[in-house]
Amino acid sequence: MSRRLGALVSLCHYFHLVILAITLYLLYTASAWVMLRSASNPRLNPIAWALVFVAIFAHSDTIVQKMRIVGPVSIGLLEALSLLAWTLAVLACLLCIERQNRVLGSILLASAAFGAAATGFGRTYPEEHVPTWYLKAHILLSMGAAALLFAAAVTAGLLVYLDRRLRTRRLADLPSVLPPLDALERVMFRLIGAGFVLLTLALLTGLIFVTDLLGQHLIHKTILSLIAWVLFGILLIGRIRMGWRGRPAVRWTLSGFGVLAMAYFGSKFVLETILGRHWG
């Protein structure tokens, strides 16, 4: 009897998570679509912002409730994706304040939909001690850096799209809501600059958190993160000293984010899924 009751409770909990995931996904997807349409139709502004705020509030409440239930844990891959999605949604709000950035903000909201749908499905790893302030700061700074640099990578993708259209003289096919190349490039470098600062702070707080690189299974993450930091640092120096722009800047941006994604999510996937371990 107790086994049947336990199975029923587990089934109800699973269906609750499924409904929650679908709800968050639909909210973020709808907000992305309406926000994109609002770039050319100002009358949709109130609906767009209302949908975004409802999506972020529902996502925030879900994350907080899970933290209260589970307690101090080392977040798994899906939890990290959910937290990144929340950070992307907040960043999208800031970007969408300027109408010319609505396309970029909409892409970030659509990306957040996939991460938010993973909320609650991941595996958590109990910690013996309550996380310290610098560990919490490290996690938040890492998520902020990842969100900013992901946005920079998306901007780089938009630059590639615009550049190809211009080179093939298909100007008539360009969406009117997209900003000029120069404006989009400035946004990309602002995102990279802010992301580089947060990544630097994340690495510094990580030095406090890490006591044994091998024992805490952090060697691959640390090395790849440092490589990404160097790549973005070189890009910013090249921009300031030599005026780097265009295709070289796009390549460096995409390469830097690719390494950073491998550092956090790639190494986390291998560690948890293949090796059955976790950071900590």
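You are looking at a predicted model, in which local features need pLDDT of at least 70 and side-chain atom pairs count only at pLDDT 80 or more, while totals for chains, interfaces and linings use all residues. Residues are numbered from 1 along each chain as its sequence is written, and side-chain values use heavy atoms, leaving out hydrogens and water.

**Around Thr 253**

Which residues surround Thr 253? Ignoring neighbours within four places in sequence, show Ala 152, Ala 153, Ala 156, Met 188, Ile 192, Phe 232 and Leu 235, which are in contact with Thr 253 (heavy atoms within 4.5 Å). Thr 253 itself lies in helix α8; helices here are DSSP runs of H or I with at least four residues, strands are runs of E with at least two, and both are numbered from the N terminus.

**Along α7**

Helix α7 covers residues 219–242, and its 24 residues reach 34 Å from first C-alpha to last, close to the 34 Å expected at 1.5 Å a residue (1.5 Å times one less than the number of residues). Just after α7, stop at Gly 243, where phi is positive at about 65°.

Now show Ala 146, Phe 257, Leu 260, Ala 261, Tyr 264 and Phe 265, the lining of the largest cavity. A cavity is a set of points on a 1 Å grid over the protein atoms alone where a 1.4 Å probe fits but cannot get out, and lining residues have an atom within 4 Å of a point. The volume, about 30 Å³, is the space filled by probe spheres set on the points, which are joined across faces, edges and corners. Helix α8 (residues 246–274) gives the most to this lining, with five residues. The search of the whole structure finds one cavity of 30 Å³ or more.

**Zooming out**

Finally, show the whole protein as a cartoon: you will find eight helices and two strands, in the order α-α-β-α-α-β-α-α-α-α from the N terminus. Of the 280 residues, 44% are buried.

Definitions and conventions: Buried < 20%, exposed > 50% of the residue type's maximum accessible area, 1.4 Å probe, protein only. 1 Å grid on protein atoms, 1.4 Å probe; cavity = no way out; pocket = protein on both sides within 12 Å on 5 of 7 lines; lining within 4 Å.
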